[in-house]
Amino acid sequence: MRSTDRLLFIDFLLKFENKNGTVIPCCVDNFDCTFTHKGGKSMYEKERKELYNAHLLLEKYGLVAYTSGNVSVRIGDHVLIKPSGVPYTELKPEDFVVVDLEGNVIEGEKKPSVDTATHLYLYKHLDWAKSVIHTHSTFAMVWAILEKSIPVLCTAHADVFGEEIPLTEYAPVGSEAIGKAVVKVIGKSGAVLLRKHGVMIVGTSVDDAVKKAIFLEEVAKAAYFATLAGKPTPLPPDEVDHLYNQYHTKYGQK
Ligand SMILES: O=C(CO)[C@@H](O)[C@H](O)COP(=O)(O)O
C-alpha cells in the first residue's frame, strides 16, 4: 500500500471508530500506526485490572524497584504486557500494551516492555504458560549473580517448587535469547534464575505466577542465609517429591 493510501485508510478507520466506538485493527500492512480505542472501550478490561494488581503486588512484596521487572498475561493469540520504563507509581491499567504472538502492537500508545520478545518466546514454546513474570528480586538475583542454582534446602521450597531452581546460560536483554535460555532449563516449577540478571517465572495463571515470584524470593533469602551461616544439606529427593505432591493435591482449600 502506498503511504498516502495508508493515511487515507487510517483516517477512514479512525472516523469509523469514533462513530461506532468499535475495536479496529491497529496495524495496516505493517505500517506503524498504533493507537488506542479512544471512541470505545479498551480491549481486555478485566485482564488489565488483573495485570495491574499483579504489578502492585510485586511492588508491595519488594520484588521490583521503580521500573524494573514486568508481568504479562496471554489471552488467546494476544498478550497483554507492561509498557517499557514506566515507574510503578505511574502505571495505569490502560497503559498495558496488547501485542500478538509475533510482537505486533494491536492496542496501546506506549512501547511494550523491553522483555516482550522473551515473554512471547515462552508463550509460543510452553503450552501451559498463561502468565510470565520477570523480576530482579534481591536474594534470587544474588544466586543468579553467583551463577548458582538454588538447592532444595527447606520444606517451603519443596512444597511450592518441588525441585532446585535452575540457572540459565547468560543471555542478553532485548531479543528471544533469554526465552531460549529459559526453555532449555525450565522444569515443573516454572521458576528460573537468569544468569547475572534476575528471575523469570512462568505460571498457569497470573495468580500462580505472582505466588511463585513471592515464594521464590522467600526461599532464595532463607537458602542464602543458611549457606552463609553453615553448610546446609539438600532435602532427599524422595521427600521433595512427597512434599510437592502433598502440597499440590491437599494444601489449602482443596
Ligand atoms: O531487566 C530488564 C532490563 O535489563 C528489564 O526487565 C527492566 O527491568 C524492565 O524493563 P521494562 O519492562 O520496563 O521495559
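This briefing describes selected strands, residues, a ligand site and a cavity of one structure. The model is a predicted one. Strand β4, which covers residues 78–81, is covered on both faces and is joined by bridges to β3 and to β5. Around the ligand there are 14 residues, and a search of the whole structure finds one cavity of 30 Å³ or more.

- Strand β3, made up of residues 70–75, runs antiparallel to β4, and four bridges join the two.
- The bridge partner of I81 in β5 is V97.

**Residue E107**

- E107 belongs to strand β6, which spans residues 105–107.
- Because its relative accessible area is 1%, under the 20% limit, E107 counts as buried.
- The side chain of E107 makes a polar contact of 2.6 Å with the side chain of R48.
- A polar atom of the E107 side chain also lies 3.1 Å from the backbone nitrogen of M43.
- E107 and L80 are 27 residues apart along the chain, and their C-alpha atoms are separated by 9.3 Å.

**The ligand site**

- Of the 14 residues that surround the ligand, the closest are K82, S84, G85, S113 and D115.
- D115 has a polar side-chain atom 2.7 Å from an oxygen atom of the ligand.
- The side chain of N70 has an N or O atom 2.8 Å from a ligand oxygen atom.
- For H134, the distance between an N or O atom of the side chain and an oxygen atom of the ligand is 3.1 Å.

**Residue N70**

- Which strand holds N70? N70 is located in strand β3.
- Is N70 buried or exposed? N70 counts as buried, because its relative accessibility of 3% is under 20%.
- The side chain of N70 is in polar contact with the side chain of S113, at 3.0 Å.
- A further polar contact, of 2.8 Å, links the side chains of N70 and H119.

**The cavity**

- The largest cavity holds about 40 Å³ of space.
- Its lining consists of T168, E169, A171, I178, A181, L194, R195 and H197.
- By type, the lining residues are four nonpolar, two polar and two charged.

**Residue T233**

- T233 is found in the loop between helices α7 (206–229) and α8 (237–250).
- T233 is classed as exposed because its relative accessibility, 62%, is over 50%.
- Although T233 and V152 are 81 residues apart in sequence, their C-alpha atoms are 8.6 Å apart in space.

How values were computed
Residues are numbered from 1 along each chain as its sequence is written. This is a predicted model: local features need pLDDT of at least 70, side-chain atom pairs count only at pLDDT 80 or more; totals for chains, interfaces and linings use all residues. Side-chain values use heavy atoms; hydrogens and water are left out. Buried means under 20% relative accessible area, exposed over 50%, partly exposed in between (1.4 Å probe, protein chains only). Two strands pair if DSSP finds at least two bridges between them. On a 1 Å grid over the protein atoms alone, a cavity is a set of points where a 1.4 Å probe fits but cannot get out, and a pocket is an open set with protein on both sides within 12 Å along at least five of seven lines; lining residues have an atom within 4 Å of a point. Grid points are joined across faces, edges and corners, and a volume is the space filled by probe spheres set on the points. Ala, Val, Leu, Ile, Met, Phe, Trp, Tyr, Cys and Pro count as nonpolar, Asp, Glu, Lys and Arg as charged, and the others, Gly among them, as polar. A polar contact is a pair of N or O atoms within 3.5 Å; within protein, one must be able to donate a hydrogen and the other to accept it, and residues adjacent in sequence count only if both atoms are side-chain atoms. A residue is near a molecule or strand if one of its heavy atoms lies within 4 Å of it.
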